[in-house]
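Visitor: I would like to learn how to read a protein model step by step. Could you take me through one?

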Amino acid sequence: MSYRTVLGALLGLGTSISYYALLSFLPLANHIDGSIYDSYIQLKHQQQHSEKIVIFSIDTIVGGAPQYASVLEDLLNNSQAEVVVINPPQHWYGREANENGRQLRQLIKQYKDRIVLASMTAPIDAEYQTSIALYNYMIEQTPIGGSDTPEIEATEIHGFFEFAYQSGQNGIFDSPASRHSLEGEFIRDDDSKDISLKSVAALALHKLSQRTERDVSVFHSDSPLTSTARIQTPIWNLKAQIHNLSELCGGNKRIGDCKLSNVERFADLSDKFVFFGHTDTQTNAAEVHAMLTPRGEMSAVEVQANHILGLQSGDVYLPLRKWLAIAIVGVGGVCFGIVINTGISGLLAQKKNHWIVRRTLLSISALFLIYALTATSSLAAGVLLPISAPIISWAIAILTSSFVLLYRNQERMVERQLSSERKVVIDQASKQLQSIADRVHQDALHHMKLAMDWLELIQIQSPACDVSVPLEKMLRANQSIRENLIDTRLCAEKLPISSELRLGLHMAIRLHTKRLRKRDELILKVDMNANPIRENSSSRWIEAREGIFSFYRESINNIIRHAQPPKGRSTKVAVDLERVADVAVLRVTNDGGFSSTYLAETTENFGTQVMEKVASRLPNGKFRRRVSAKGDFQVELSWSMNGFM
Amino acid sequence: MEDVARNNCTFLQMIDPKARCEIVPSPQAAKDSLARHIPDLLVVDLMLDEKGEIDQKTSGVAFLHYVLCHHPHLNVLIYSTNPELAKQLSLNIEKHKGGFSIVDKMELRTAFIAGASTALLGEKRTPDSFVDAAY
C-alpha cells in the first residue's frame, strides 16, 4: 500500500470520526434518525390486537383510597386480572398514618405478584442518576427491633416510568414515549439511597412471565452488538381501550360499591393488563402526564400500555452499541478516504484519467447506497443503525479529504515545478561555466603554449637572444589563468546538488559506501550506522551538506589509501551519523590503520586542511582526529543543526 | 593541438635526434597504434580534443586507465594542462611497472625534457602534491 493511500485512509478515518463525535452532541442527527425510525415503525405496525389491554380512567372519581381498593380487589379477585398497573392519583399521598390507606396496603400485600405501581421519573440519563419517589404508604410496615420494616421490597412493586414534558414537533423524536429504558438506577427520594428498578412495562411482563412461566424475549436480547439501554417500540392508538370508571359505575362518583366483575366484558380479565390512572387532559392535566408520541398526545397510562404491547408482541427495536457505530463510521471513513485519494490522483494525473474520476464517483455513490440498504435491512430486522450522523460525517469527510489532498497535491506540484526550474537553471549555469573554462583551456592556453614553445626554440637556436623575461611573464599569466580556471571548474561542479544528497545525507553516505564496495575500492568490512538527522531544505543546509559529504568522501578515501591492505592493516570501518538534540555527529572509525606518529606527520597536509575548512564553515563545527589505546583511528565532525533553521 | 604535439616531437628529438614520432588524433587511434607496436615513450595529454566525446576529461583519463591496465611496462609521460585529473588513477600509477612521469604542460620545455628522460629511464616522477593528495 502506498504512502498516499495510507494518508488518504487516515485522513478519511480521522475526519469522519471527528465529525461523527461532533454530530453526536447536536440534536439535528437524532431528530432526523428519530423521524426516519418513527415513520418506518408506525408504517410497519399499523394494527395491533390490543384486546389484552383494559384502561380504567379515574378522571372524575373523588373517592378515597378504600373505594379504589375495593374496585381493585374486585378486579383482581373476581375478574382475575392478570396484572394491574396503578398510576396513583396525587390525593392518595399522605395516607401513611391514615386508616384509609390500610385497605390499599392489605390489597397490595395480598396481590403483590399482580400489581405494579407506576413511579414517575425524569428520563434516565447516562451522565447522572435520577431521583425517584416511591409509594411507601402503600406498603405495610412491621415493627421489628423498634423500627418499622416494609413487608414488601420496593423493587417488587414499583416500576419506573420516564416522563418528560415536550412541546413542538421536534419533541417527538426525543420523547421517552418512543424510546424507553427497561431498567434503571435511581436515588430514592425518601432516604437518598440507590435503588435499581424495572420499568412499568418490564415489571408487568416480568410478573406475567413468573406467574405463567412464559418467556418474554426482549429480556434476553443481550447481544454484544446491540444495546437494550434505550429501546424503541411502536405506539398504537388505544383510545378504544379506555373506560371511564365513573360512567361504568352508573355516574356515581363514589365507586366503593361498584362491582366491575358484574359487567360482562370485565367479568373475565385473566391474561389481560389492567391500567388505572388519569387519561383526560381537559380535566386533570397535571395528573395525566401527557406525552408527545408519533400518534399524537397520549396519557402516561396509554404509553405504558403501548410499551407492554410492544414488548409482548416482540416488536422491539434495539440501537447499535456506541463502539460499533463508531467502528462503522471509521471503516466507512477509511473506504471513502482511499476512494477519494484514488480519484484525486486520477484527476491530477498529467493525462487526466476521466475513467478513474467516474469510477470514484460511482464508488462513493455505491458506498452510500450500500450503507442505506444495510440501515434499511437492519431496521427491518429490529436494529437501529445510526443513519444521518454517519452519512453527514462521511460527506464532510469526503469534502475535507478532497480539499486537503488537492491542496497538498497542488503544493507539491508547485514545489516540483520550482525545483525542476531551479535544477535546469543550475545545470545550465554549471554547463556554461564548464564550457567557458574548457574553451579558455583549449584555445587561449593552447596558443600561449605555442608561443612559449616558439620562444624556447628561439632561445635554443639563438642562445644570444634572451627571451627569459617574456617567458617568465607568460608563465605567470599561465599560472593565473590556470588558477582561475580551476576555481571556475570547482564552482561549476559545486553548483548542482549531488544526486545522492537529494535523498538526505545519510542516504548519500550509504550509497557512496555501497558504490565503493561494489567497485572493490573499499574491501574492508563496513559497519554502517548512518541515520536520518531531520534535515531541512534551507539553502544554507544544502550548501553545508555538500561540504559534509565531501568530508566523508575524503575520510573514506584516506582509509582506502592508507589503512586498507596492502598499505594498512585495517580490517573494518564503522560509519556513524546521528543527531542528538541539535548536535549532529559524523564519525568514521577504522581499526589499526594509522599510528599516532602518522597522525602527527599528517596534520598539515592537504586533506586535513580540506576537513578543517569544512568544519570551520559549519555552525559550531568541530573536527577531531584521535587514536585510541587499541590503535583505532577515528575522524569526527560535529556541528549544530539549529544553525540551519 | 597537433601544433603542440609536433613541438613535443621537436623537443623529444633534442633527447635523441633519431627519435621518430607518431601523432595520433584520438584515444582509439592510439589504442590501434599500441596494438601494432610498443613505443619507447607514450606522451599523453589528458585533455583530449576528441570529437563526439561528451566529456574531454573522461576520455583522456579513460585512455590512461586503459594504458596502465594493458601495457604495464610502457614508459608514459603525462603532459597536460590539467595533470590533477590523473589523481584518480593514483593506485594504478603506483602499480605501474614502466617509467612514469607527469609534467604540467604550462611549465617550460626543460621540465618536459626532464620528465621524458625520467620516463625513458623507467623511473617514476610525479608532483609532490599528487601522490599524497588526500593526506
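Visitor: What pattern does chain B follow when it is read along the sequence?

Guide: Before answering, note that this is a predicted model, in which local features need pLDDT of at least 70 and side-chain atom pairs count only at pLDDT 80 or more, while totals for chains, interfaces and linings use all residues. Residues are numbered from 1 along each chain as its sequence is written, and chains are lettered from A and ligands numbered from 1 in the order in which they are written. Helices (H or I, at least four residues) and strands (E, at least two) are DSSP runs, numbered from the N terminus. Read in this way, chain B follows the pattern α-α-β-α-β-α-β-α-β-α, which comes to 6 helices and 4 strands.

Visitor: In what order do the strands of chain B form their sheet?

Guide: Strands of a sheet pair through backbone hydrogen bonds, either parallel or antiparallel. Two strands count as paired here if DSSP finds at least two bridges between them. In chain B, 4 strands form an open sheet in the order E1-E2-E3-E4, with parallel pairing. Strand E1 (42–44) and strand E4 (124–125) of chain B stand at the edges with a single partner strand each, so one side of each is left without a neighbour in the sheet. E1(B) pairs with strand E2 (residues 76–80) of chain B over 3 bridges, and Val43(B) has Leu77(B) in E2(B) as its bridge partner.

Visitor: Which strands form the 9-stranded open sheet of chain A, and in what order?

Guide: The order is E4-E9-E10-E7-E3-E2-E13-E1-E12 in chain A, and the pairing is mixed. Strand E4 (130–132) and strand E12 (242–244) of chain A are at the edges, each with a single partner strand, so one side of each has no neighbour in the sheet. E4(A) pairs in the parallel sense with strand E9 (residues 183–188) of chain A over 3 bridges, and Ile132(A) stands opposite Arg188(A) in E9(A). Chain A as a whole has 18 helices and 22 strands.

Visitor: How is the contact between helices H11(A) and H12(A) to be read, and at what angle do their axes cross?

Guide: Two packed helices are described by the angle between their axes and the distance between the axes. Axes are lines fitted to C-alpha atoms, for helices over the stretch in contact, and angles run from 0 to 180 degrees between N-to-C directions. The axes of H11 (residues 322–348) and H12 (residues 354–380) of chain A come within 8 Å and cross at roughly 165 degrees. The two helices are therefore roughly antiparallel, a term used for angles over 145 degrees. Residues are in contact if their C-beta atoms, placed from the backbone, lie within 7 Å; among those making this contact are Phe336(A) and Val339(A) of H11(A), and Ile364(A) and Leu367(A) of H12(A).

Visitor: Is Val263(A) buried or exposed, or does it fall in between?

Guide: A residue is buried if 20 or more other C-beta atoms lie within 10 Å of its own, exposed if 12 or fewer, and partly exposed in between, with C-beta atoms placed from the backbone. Val263(A) is partly exposed, because 13 other C-beta atoms lie within 10 Å. Val263(A) is found in the loop between helix H8 (245–248) and E13 of chain A.

Methods
Parallel < 35°, antiparallel > 145°, perpendicular 65-115°, else oblique. Contact = placed C-beta atoms within 7 Å.
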